[in-house]
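Here are my notes on the structure you sent over. They are set out as numbered points, to be read with the model open.

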Amino acid sequence: MPSYSHYIDSLLQWGKRNCRAFPWRKDISPYRILVAEFLLQKTNSEKAVRAYEMVMQQFPDVRSLANALPGELAKCIEGIGLRYRTDRMTAAARAIVSEFGGVVPDNMEALVTLPGIGRYIASAVLCFGFGNAVSLIDTNTARIIQRYWSFSIRASRSREDKELWEFALRLVPQSNASAYNYALIDLGALVCKSLRPACDYCPLITECANAINNQGKARSAIKRTPASASTFPK
Ligand code: SF4
């Protein structure tokens, strides 16, 4: 069984040196995190930077976004596609103004009532915007948890696996939740990739169940390979 202390210490150390510096990770507010998460849906993070900066320039707070004219917001995000999210963003902003006095809610129950906001975006706002110790499950973070802990995901989509969310929650440190979740997200994006995980560059390799399993398979494959005449120098 991999150890928790190795997992958490290695991830946090790796994150300090390798986490990416996106604008939504520097100048932080719940509103900014909300906007960033809308833009990051199905979108490469690097590509979302320009759109994020344009949205922030034109709509620096929730009320300005609520009052956005049709087309204004679409122009900001035309470079990253998925125009349907402009309707969701303005609808969410309007609901925050009309139902929460213009203040982004600080609890899961209220956040998931907003248009276009599911558990992942709500969790990101709570973690990165409010500093709450909550888990974040997307395909990248789920993959690391699955591989390191040998956790079996039962739902067809990892985001919908309730047991995974619960298991992941137990891994989140009470302090440093943002740093932990950013490290997990970035390790999944940069190192523990879906098809070819770069285990040799991973801080978790010595205790990762998947890496250990693969090393074992490689060793037995070498043992099973019969020596041929060409194996030895003449
Ligand atoms: S050791 Fe390999 S499989 Fe395990 S978490 Fe790291 S990159 Fe992923």
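Predicted model: local features only at pLDDT ≥ 70, side-chain atom pairs only at ≥ 80, totals over all residues.

1. Helix 11 is mostly covered, with 11 of its 14 residues buried. The buried set runs Ala177, Ser178, Tyr180, Asn181, Tyr182, Ala183, Leu184, Ile185, Asp186, Leu187 and Gly188. Note that Asp186 is on that list.

2. Helix 11 covers residues 177–190 and reaches 20 Å from its first C-alpha to its last, close to the 20 Å expected at 1.5 Å a residue.

3. Now the overall fold. The protein chain has 12 helices and zero strands. Read along the sequence, the pattern is α-α-α-α-α-α-α-α-α-α-α-α. The C-alpha trace spans about 80 × 35 × 35 Å along its principal axes. Of the 234 residues, 36% count as buried. Take the contacts between residues at least 6 apart in sequence: 63% of them join residues at least 24 apart.

4. Two domains are assigned. Domain 1 comes in two segments, 4–19 + 135–215, and domain 2 is 23–129. Their C-alpha centres lie 26 Å apart. Nine residues from domain 1 and six residues from domain 2 make the contact. On the domain 1 side, the touching residues are four nonpolar, three polar and two charged.

5. Where does the largest nonpolar core lie? This core has 60 residues. Those with the most contacts inside it are Val35, Leu39, Ala51, Tyr52, Val55 and Val125. Helix 2 (residues 30–40) gives the most to the core, with eight residues. Both domain 1 (4–19 + 135–215) and domain 2 (23–129) give residues to it, so the core lies between them.

6. Val55 is worth a look on screen. Setting aside neighbours within four places in sequence, Val55 is in contact with Val35, Leu73, Cys76 and Ile77. Val35 is also listed with Val55 among the core residues with the most contacts.

7. Turn to the ligand. Of the 14 residues around the ligand, Cys192, Pro197, Cys199, Cys202 and Cys208 come nearest. By class, the shell has 12 nonpolar, one polar and one charged residues. Which helices supply at least two residues each? Helix 9 and helix 12 (209–224) do. Helix 9 gives the largest share of the shell, three residues.

8. Two residues deserve a backbone check. Lys42 has a positive phi of about 50° although it is not a glycine. Lys42 sits in the loop between helix 2 and helix 3 (45–58). Is Lys42 buried or exposed? Lys42 is exposed, because 8 other C-beta atoms lie within 10 Å, and the cut-off for exposed is 12 or fewer.

9. Ser150 is in the loop between helix 9 and helix 10. Ser150 counts as partly exposed because it has 14 C-beta neighbours inside 10 Å.

10. Ala155 belongs to that loop too, between helix 9 (139–149) and helix 10 (162–171). With 13 other C-beta atoms within 10 Å, Ala155 is partly exposed. Not counting residues up to four places away in sequence, Ala155 touches Glu160 and Asp161. Leu195 is 40 residues from Ala155 along the chain, and their C-alpha atoms are separated by 20 Å.

11. Last, Glu163. Glu163 lies in helix 10.

Technical notes: Residues numbered from 1 in each chain as written. Domains from an automatic or database assignment. Contact = placed C-beta atoms within 7 Å. Nonpolar A, V, L, I, M, F, W, Y, C, P; charged D, E, K, R; others polar. Helix = DSSP H or I, 4+ residues; strand = E, 2+ residues; numbered from the N terminus. Buried ≥ 20, exposed ≤ 12 C-beta atoms within 10 Å, placed from the backbone. Near = placed C-beta within 6 Å. Core = buried A, V, L, I, M, F, W, Y, C linked by C-beta atoms within 7 Å. Expected span 1.5 Å × (residues − 1).
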